[in-house]
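Colleague: Thanks for sitting down with me over this one. Could you take me through it, one question at a time?

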Amino acid sequence: MNKGRGAARIEGAFAGGKALITFLTGGDPGVATTEKLIRAMDEEGADLIEIGIPFSDPIAEGPIIQDADERALAAGTTVDDLFAMVARLRAGAGGAAGLTKPLLFMTYYNPIFTYGVERFAAKCVESGLDGLIVPDVPYEESGEIKAVFEPHGIAIISMIAPTSADRETMIAKDAQGFLYCVSSLGVTGVRSEIRSGIGGIIEAVRQVSGVPCAIGFGISTPAQAEEMAVLADGVIVGSAIVRIIAEHGAESEAPVRAYVRAMKDALRAK
Amino acid sequence: MAEQNGRFGPFGGQYIPETLMAAVTELEAAYHRYKDDPDFVRELDGLLADYAGRPSRLYYAEKMTRDLGGARIYLKREDLNHTGSHKINNVLGQVLLAKRMGKTRVIAETGAGQHGVATATAAALMDMECEIFMGREDTERQVLNVYRMELLGAKVNHVMTGTMTLKDAVNATMREWASRMADTLYVLGSVMGPHPFPTIVRDFQSVIGREIRTQMLAAEGRLPDMVVACVGGGSNAAGTFYDFIGEPSVALVGCEAAGLGVDNPKNAATIANGTVGVFHGMKSYFCQDEYGQIAPVYSISAGLDYPGIGPEHASLHDTGRASYVPVTDDEAVDAFEYLSRTEGIIPAIESAHAVAHVRKIAGAMDKDKIIVITLSGRGDKDVAAIARYKGVDIHE
């Protein structure tokens with residue numbers, strides 16, 4: 001399979017050492033704040049940034065991101081607002097250069113499906129997105145979106161869970177960009193302890209997959225990031241950042257900067 | 001309808017997080033292993049007969065027939081089942097299956113509380129730990145059912161997210177299942193969710209339609225011309241319809257909750273107002289906005305207050321094999337009172353939606369036509385809410 005443009009750019013984010021992948025909910029508490037925070041995370045060393053499209057019923061999320069989705073929707077955020085925001089980030093504005101790091105949307109399938117899959121894919125290209133994480137589309141159902149997004153060069157990121165077992169090979173073989181390895185059972189959130197079995201899973205999938213592996217779900221501290229970076233090529237941090245935004249709202253830039261810097265420093269040591 | 005890979009035409013599927021794939025795959029394998037297993041079938045049939053009280057009666061509603069002056073009306077009395085609704089049919093099957101799978105704990109969502117009560121009941125009977133998830137809006141509307149579940153030994157979780165109704169209860173139960181599946185089965189209450197649930201629930205509910213066929217042949221020597229059932233997710237309707245899908249002479253009619261009216265935003269009429277989407281593990285029709293945000297639906301009936309419909313119903317609608325009609329709160333409450341006074345049967349407010357539709361159409365039908373209404377549940381749980389609706393102040 002030829003590597004698409006997005007997949008190649010996403011893989012490139014792992015070229016300079018252990019990658020820090022940061023997540024925030026688009027439009028929480030408003031699109032202007034999100035835009036500012038994405039620039040800040042980029043400047044502090046995030047290698048790849050995931051923007052969550054807020055959804056009314058995010059079944060894979062824990063309370064922290066559920067609340068963020070509610071705040072973003074209450075602020076009136078739509079997917080069109082977020083496409084426009086990504087386009088602005090890529091173009092650069094007010095003297096700032098255009099953002100060049102890979103950007104992903106994290107979205108449930110329904111907002112894509114309802115928008116029109118083809119139309120959504122075209123908008124991804126137009127605004128400058130590189131890939132999508134769609135947590136409620138597992139391997140078996142992914143054909144219908146891959147068939148549309150791949151020709152546009154937009155990568156669909158595959159996920160492996162602690163329960164995947166004999167599904168691991170099948171999923172890993174088809175992975176594009178990077179493989180999202182879910183650390184724990186359950187939903188997104190901040191966890192004090194992360195199961196150690198994830199190391200074995202990553203070793204197994206590396207036998208069949210050529211793409212980098214990143215661990216997500218539960219990681220919040222620099223120490224956890226260091227620990228996970230020994231096992232994987234990158235770490236994904238979501239709820240910990242969203243929790244800062246929940247606390248500081250539109251004034252989140254300074255604390256988010258400090259947090260991202262600390263996490264990136266922890267990974268640089270690896 | 002023969003389904004393939006959990007699809008009913010373009011509808012259905014398994015749109016769930018990777019973490020849950022292992023759980024639904026395990027359930028599917030167990031279902032295929034046990035559904036025709038003689039020991040399993042014997043045990044389930046025994047429970048349905050001796051514990052749930054099946055077969056449920058098919059009652060000729062003579063006064064209602066005379067009053068409406070047209071088609072002969074029969075009531076399929078699922079309200080007489082143990083726990084007061086059709087929900088027990090599915091729950092006995094699924095909890096028995098959970099037992100065979102070696103699970104020790106069951107979890108379930110509930111709207112009106114009927115499925116929660118049925119699950120708590122089966123869990124008590126079969127020595128399973130049980131946790132129920134119910135939106136806070138519904139725990140307030142259905143206080144007695146909450147206490148009933150607790151009486152039966154279940155833990156009831158009040159879901160405080162989103163609209164705090166049935167859809168949020170489903171979200172919460174899915175999240176719980178994703179965090180604990182080794183010892184736990186999600187006993188889903190309707191013909192919805194990811195494959196294999198729509199098939200499993202429909203199969204366990206199809207006893208309703210099979211009994212109607214046998215009882216109708218005994219009573220009238222022929223099949224009915226129309227079967228009518230209320231539809232939220234659609235389990236009693238699927239159970240009623242399934243045996244007749246291949247009988248073109250039998251019209252299949254589902255009654256959706258139109259709340260304050262299909263033109264008012266406060267409704268839950270998925271077929272009338274919904275569009276195709278992907279939610280709760282399935283591709284089907286949903287009430288949603290132009291950006292695919294699931295709509296905060298409304299019905300007086302907590303059991304029909306759901307923004308989607310099972311994928312097999314979506315397919316039956318698209319192919320034209322079944323028709324789906326909206327019924328408002330007012331019409332349902334009128335029918336609730338009508339059946340109480342006319343036949344001395346207090347129907348669940350959900351089932352009253354089906355009664356309401358038949359009141360509209362029976363009079364214009366020939367007297368030699370036969371309609372069967374599935375009375376999916378009894379109305380004891382609704383008495384306080386209907387009194388409130390009517391502005392009657394009652395104290396217990």
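**Cysteines, charge pairs and the chain contact**

Modeller: Let me start with a cysteine: Cys124(A) has 0% relative accessibility. Because the cut-off for buried is under 20%, Cys124(A) counts as buried. Do keep in mind that this is a predicted model.

Colleague: Which cysteine sulfur is nearest to that of Cys287(B)?

Modeller: Cys287(B) takes part in no disulfide, and a disulfide would need two sulfur atoms within 2.5 Å. The nearest cysteine sulfur is 16 Å away, and it belongs to Cys230(B).

Colleague: Is Cys287(B) buried or exposed?

Modeller: The relative accessible area of Cys287(B) is 7%.

Colleague: On to charges, then. How many salt bridges are there over all chains?

Modeller: Side chains of opposite charge can pair when their charged atoms come close. Taking within 4 Å as the cut-off between nitrogen and carboxyl oxygen, the count over all chains is 45.

Colleague: Which parts of chain A does the pair Arg257(A) and Glu44(A) link?

Modeller: Arg257(A) and Glu44(A) form a salt bridge, with N to O at 2.9 Å. The two residues are 213 apart, so the pair links distant parts of the chain. Arg257(A) sits in helix 12 (residues 253-268), and Glu44(A) in the loop between helix 2 (31-43) and strand 2 (48-52).

Colleague: Are Arg257(A) and Glu44(A) buried or exposed?

Modeller: Arg257(A) has a relative accessible area of 17%, and Glu44(A) has 13% relative accessibility. Since buried means under 20%, Arg257(A) is buried and Glu44(A) is buried.

Colleague: How many residues apart are Glu253(A) and Arg257(A)?

Modeller: Arg257(A) also meets Glu253(A) in a salt bridge, 3.0 Å from N to O. Both residues lie in helix 12 of chain A, and their spacing is about one turn of the helix, or 4 residues.

Colleague: What accessibility class does Glu253(A) fall into?

Modeller: Glu253(A) has a relative accessible area of 24%. Buried would need under 20% and exposed over 50%, so Glu253(A) is partly exposed.

Colleague: Are Asp168(B) and Lys167(B) buried or exposed?

Modeller: These residues form a salt bridge, their closest N and O atoms being 3.3 Å apart. Asp168(B) has a relative accessible area of 1%, and Lys167(B) has 3%. With the limit at under 20%, Asp168(B) is buried and Lys167(B) is buried.

Colleague: What about the chain as a whole: what radius of gyration does chain A have?

Modeller: Chain A contains 12 helices and 9 strands, and its C-alpha trace spans about 45 × 40 × 35 Å along the principal axes. For 270 residues, a compact globule would have a radius of gyration near 18 Å. The value for chain A agrees with that, at 17 Å.

Colleague: What percentage of the residues in chain A are buried?

Modeller: Among chain A contacts between residues at least 6 apart in sequence, 73% join residues at least 24 apart. The accessible surface of chain A is about 9,400 Å², with 52% of that belonging to carbon and sulfur atoms. Of the 270 residues, the buried share is 63%.

Colleague: Which residues of chain B lose the most area to chain A?

Modeller: The contact takes 38 residues from chain A and 33 from chain B. About 2,800 Å² is buried between the chains, 55% of it from carbon and sulfur atoms. On the chain B side, three residues together give 27% of what that side buries: Glu18(B), Arg175(B) and Tyr291(B).

Colleague: Which residue does Arg167(A) meet in a salt bridge?

Modeller: Between chain B and chain A, the count is 5 salt bridges. In the pair with Arg167(A), the N to O distance is 2.8 Å, and the partner is Glu18(B).

Colleague: One last stop: what accessibility class does Leu260(B) have?

Modeller: Leu260(B) is in the loop between strand 10 (251-259) and helix 12 (270-273) of chain B. Beyond neighbours within four places in sequence, Leu260(B) contacts Lys266(B), Tyr298(B) and Asp329(B). The relative accessible area of Leu260(B) is 48%, so the class is partly exposed.

How values were computed:
Residues numbered from 1 in each chain as written. Chains lettered and ligands numbered in written order. Predicted model: local features only at pLDDT ≥ 70, side-chain atom pairs only at ≥ 80, totals over all residues. Heavy atoms only, no water. Buried < 20%, exposed > 50% of the residue type's maximum accessible area, 1.4 Å probe, protein only. Salt bridge = Lys/Arg side-chain N within 4 Å of Asp/Glu carboxyl O. Rg over C-alpha atoms; globule rule 2.2 N^0.38 Å. Contact = heavy atoms within 4.5 Å. Areas by Shrake-Rupley, 256 points an atom, 1.4 Å probe, with all protein chains shown as cover. Buried area = accessible area lost by both parts, 1.4 Å probe.
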